[in-house]
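Biologist: I would like to understand the terms used for a model of this kind, and not only to repeat them. Please take me through them slowly.

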Amino acid sequence: MTETAIAATRLGKRYGQKWALRDCTLRVPAGRVVGLVGPNGAGKSTLMNLLVGLDRPTTGELDLLGERVGPNRALDRVAYIDQEHTLYRNFRVHEVLKAGRLLNPRWHEQDAVDRLHELNIPLTSKVGRLSGGQRAQVAVAAALARRPDLLILDEPVASLDPVARRDLMATLMAAKADRDCTIVLSSHVVSELERLCDHLVVLDHGEVRLAGDIDDLLDGHRLLTGPAATADRAPVGTCRVVHQERAGDQVSLLVRGAPPAADPAWHARRVNLEELVMHYLASAADTTGGGKHPAVLG
Amino acid sequence: MIEFRVETGSGVPPYLQLVHQVEHALRLGQLRVGDRLPTVKEVAKRLVINPNTVLKAYRELEHKGLAKGRPGQGTFVERELAGLPVERQAELRTALDSWLASAYQAGMDADGIAAMVATALHEFRPEGST
């Protein structure tokens, strides 16, 4: 397997006058489970459409699994599942599999049959009669039957109830344990990504705000809390202040870099994934919205 | 066999939670030399967590000499951790209780204390450790 699953260089996509994605440079090592997060309209779906070849970039370059993306190249090793788990509702499950067999050069039908059997989903059922969770499982089984090296899921559980969410993610995580591949999941629920993902990409207003391995990102940030009156003298050392947030006479600063030395007036602690993402998104909102507390970026 | 669990939002990386749970089970004698740890797939599926997290935890346990992977068979406990004598544990517990009392007195709440302890544990490097 190639070492880099996704290499995007200054990738951009413009629709009319509006840049849905701009200057997107990413490098995702193979084998990661990537959480792609950001508010609605951040560019998540645009990026995913470029990754799976549903759309062509306006600018920049995209390599997947060590190959420049193009017709009959790289994309046959990429599988994609959209939010609605789109399947023909009049098809029976075995007809979904037959379509997969006819349409895909790489197809391992027994993988899908075994997986669906384990989930008690009969091959004779009509897709339209299945529950939302079962339909999602059929879509995932069909995607996995292609044995993709890169699996891309756009908000895969957004439409599912909690039990179906858990079951679908259990299927995905077990599949990844069986056969190593790179997975990209988009979501706007950050908390549910913490146990699934080991790599994070935060998008907002079409730009990458933060990207990297999650353990490194969490190790590399601290939240400093102290008196707002002396915020400008906070012991940040050489750390970059990503975002500051005032609450009463206290101020919290998210800093990136080596943890600053202890100062009795200031308390430094680690952040969790959700806090990290929220501070980056808030900082982006400050800079793009012309807020009163411009965050120091770059 | 050990039953893992993962709590998110605690600030402790999930892989470290798994490492700590194995160490805890070793100290309590719930895991012994030769015991097999659940496979990466079993843990990933049951806890619905990234298999890379389980792999990272098992690599860390191997690095500490506590477990060893045998190709095609699984990961097995290699070494046990001696538990402290009961009296020594009680002494340490008393010291912890008095620290907790001062933290509450200073106005911290349980969440703040848990976060501080987790951070300190994660960052603390005892003398002589690698």
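Modeller: What follows sets each term beside its definition.

Modeller: This is a predicted model, in which local features need pLDDT of at least 70 and side-chain atom pairs count only at pLDDT 80 or more, while totals for chains, interfaces and linings use all residues. Residues are numbered from 1 along each chain as its sequence is written, chains are lettered from A and ligands numbered from 1 in the order in which they are written, and side-chain values use heavy atoms, with hydrogens and water left out.

Biologist: How many residues of chain A are in contact with chain B, and what makes a contact?

Modeller: Contact means that heavy atoms lie within 4.5 Å, and by that rule 24 residues of chain A are in contact with 24 residues of chain B. The two chains also bury about 2,100 Å² between them, 51% of it on carbon and sulfur atoms, where buried area is the accessible area (1.4 Å probe) that two parts lose on being put together, summed over both. Of the area that chain A buries against chain B, 32% comes from A:Arg195, A:Asp215 and A:Arg270, more than from any other three residues.

Biologist: Why is the pair A:Arg222 and B:Glu123 called a salt bridge?

Modeller: The term asks for a side-chain nitrogen of Lys or Arg within 4 Å of a carboxyl oxygen of Asp or Glu. The closest N and O atoms of A:Arg222 and B:Glu123 are 2.3 Å apart, so the pair meets the rule.

Biologist: How many residue pairs are in polar contact between chain A and chain B, and what makes a contact polar?

Modeller: The count is 15 residue pairs, both residues being at pLDDT 80 or more. A polar contact is a pair of N or O atoms within 3.5 Å; within protein, one must be able to donate a hydrogen and the other to accept it, and residues adjacent in sequence count only if both atoms are side-chain atoms. On the side of chain A that touches chain B, at least two residues come from each of α5 (162-178), α6 (214-219) and β14 (267-269) of chain A, and α5(A) gives the largest share, eight residues. Such names follow DSSP runs, numbered from the N terminus: helices are H or I runs of at least four residues, and strands are E runs of at least two.

Biologist: How do you know that strands β7 and β8 of chain A pair?

Modeller: Two strands pair if DSSP finds at least two bridges between them. Strand β7 (residues 150-153) and strand β8 (residues 182-187) of chain A have four bridges in the parallel sense, so they pass. A:Leu150, for instance, stands opposite A:Thr182 in β8(A).

Biologist: What makes β12 and β14 of chain A edge strands?

Modeller: They belong to an open sheet of four strands in chain A, ordered β12-β13-β11-β14, with antiparallel pairing. β12 (240-247) and β14 of chain A each have a single partner strand, so one side of each is left without a neighbour in the sheet. The twist there averages 20° from one strand to the next.

Methods. Axes are lines fitted to C-alpha atoms, for helices over the stretch in contact, and angles run from 0 to 180 degrees between N-to-C directions.
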